[in-house]
Amino acid sequence: MKRKPIILQILNNDLGGKIVLGVLALVVIYVSFANLVLPEGSTFHVSTYTVTLLGKYLAFALLALALDLVWGYIGILSLGHGAFFALGGYAMGMYLMRQIGDRGVYGNPELPDFMVFMNLKELPWFWYGFDNPIFTLIMIMFVPATLAFVFGYLAFRSRVTGVYLSIITQAMTYALMLAFFRNDMGFGGNNGLTDFKDILGFDLQADGTRIALLLISFLALTGGYLVARFIMNSRLGRVCIAIRDGESRTRFIGYRVEQYKLFIFVVSACMAGIAGALYVPQVGIINPGVFSPLFSIELVIWVAIGGRGTLYGAIVGAFIVNYASTYFTSALPEVWLYALGGLFVVVTLFLPKGVVGLISQIKDKLNKDNKNQESEVQNATA
């Protein structure tokens with residue numbers, strides 16, 4: 001018997017995931033075609049701004065997916081995942097800054113402009129290697145993973161759980177935010193890293209480069225989804241769900257709960273770091289504001305609104321909230337934060353499984369009504 005391709009095996013019995021990824025694939029293909037091929041005067045032409053916006057949403061969707069992996073499947077409510085996202089973003093930003101060379105305001109081929117402005121004479125040691133894309137790619141995953149490993153090892157070994165764990169994750173990202181705001185840290189201080197020129201030799205402002213980044217973001221999101229789905233379909237995933245539903249019982253059975261939690265936490269941090277690295281070249285800036293605890297809390301709202309514990313629900317939630325943010329912050333900026341808070345309260349009280357949970361409930365209700373009608377018809381004919 002011929003075996004199915006590995007991707008189809010991973011997505012087996014995952015109709016929601018297939019629909020979400022399929023719709024996103026169609027949208028990305030159309031947007032790419034409409035931007036590069038259709039003339040600007042055409043009704044169906046898609047602007048470069050829309051391409052960049054969609055790429056940003058895809059990066060945020062990967063970040064939401066990373067959080068859903070730890071919150072929805074192993075019960076770790078992290079309020080500090082923005083830190084892993086920011087670290088991956090800063091790693092990419094450092095690479096992009098090194099690519100500017102002598103095209104900066106001060107024309108220094110070695111030092112970024114903010115270092116020249118601060119009268120630094122040589123490049124800090126932790127900036128070495130970031131002129132190499134391979135080294136940068138490794139650091140994008142290694143730095144967030146290392147932080148997650150050290151933090152998770154200490155927290156999980158001490159059996160810190162629940163709200164206490166959430167608080168210390170928030171304290172972690174807040175401490176990093178304060179550190180990166182310092183000018184003497186060597187990361188641009190309050191202004192962060194910006195004024196990027198090109199990536200791998202390609203102009204960042206070119207339409208073709210924007211489309212390439214969009215496609216890479218979609219592929220990264222798809223790859224992250226497949227990895228998360230593969231983990232959750234495995235025996236490891238079943239143990240993670242058991243830990244979420246009853247950590248003490250799982251520990252008493254004989255499982256090393258701390259090791260499972262640490263592994264998932266590190267994998268999630270790597271995914272968040274990749275999301276941050278994809279975000280930076282498309283948005284064009286990374287600053288300490290991304291470390292803000294408020295950003296990590298908003299991330300939790302994305303997952304809650306979409307539906308935690310589903311993976312594809314996190315993607316849906318990220319798109320819904322960020323599209324709403326884009327619209328309301330331009331149309332009704334003073335209303336947006338109230339609307340976001342109200343939406344979160346409504347979802348928490350009336351839609352505990354989020355938007356995708358509501359869709360499932362409606363579908364189940366319709367199926368139940370159809371079965372009842374069929375039963376009534378059969379009884380009437382009998």
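Predicted model: local features only at pLDDT ≥ 70, side-chain atom pairs only at ≥ 80, totals over all residues.

**A helix end, then the charged network**

Modeller: Gly101 comes directly after α4 and has a positive phi, near 60 degrees. Helix α4 covers residues 81-100, and at 1.5 Å a residue its 20 residues should span 28 Å; the C-alpha atoms at its ends are 29 Å apart, which agrees. Of those 20 residues, 19 are buried, so α4 is largely enclosed by the rest of the structure.

Now the charged side chains. There are 10 salt bridges in the structure. Side chains of opposite charge can pair when their charged atoms come close. The part to look at is built around Arg251 and Glu247, whose side chains form a salt bridge with an N to O distance of 3.1 Å. Both residues belong to helix α10, residues 247-253, and they sit 4 residues apart, about one turn of the helix. An α-helix has 3.6 residues a turn, so residues three or four places apart point the same way. Arg251 has a relative accessibility of 17% and counts as buried, because the cut-off for that class is under 20%.

Glu247 has a further partner in Lys261: their closest N and O atoms are 3.4 Å apart, and the two form a salt bridge. Here the pairing leaves the helix, since Glu247 is in α10 while Lys261 is in α11, residues 257-283; the pair therefore ties together parts that are 14 residues apart in sequence. Lys261 is buried as well, at a relative accessible area of 4%.

Arg251 also pairs with Glu258, in a salt bridge of 2.9 Å from N to O. Both Arg251 and Glu258 are buried. Through shared partners, the salt bridges join Arg159, Glu247, Arg251, Glu258 and Lys261 into one network.

The structure has 0 disulfides. Cys240 is in none, and the nearest cysteine sulfur to its own belongs to Cys270, 15 Å away. Cys240 is buried, at 0% relative accessibility.

For contrast, take a residue in a loop. Asn13 lies between α1 (6-10) and α2, and its relative accessible area of 71% makes it exposed. Asn13 and Val239 are separated by 226 residues in sequence, and their C-alpha atoms are 20 Å apart in space.

Helices α2 (15-36), α13 (312-331) and α15 (354-381) each contribute at least two residues to the lining. By class, that lining is made up of 13 nonpolar, 5 polar and 4 charged residues.

Methods: Residues numbered from 1 in each chain as written. Heavy atoms only, no water. Nonpolar A, V, L, I, M, F, W, Y, C, P; charged D, E, K, R; others polar. Salt bridge = Lys/Arg side-chain N within 4 Å of Asp/Glu carboxyl O. Buried < 20%, exposed > 50% of the residue type's maximum accessible area, 1.4 Å probe, protein only. Disulfide = S-S within 2.5 Å. Expected span 1.5 Å × (residues − 1).
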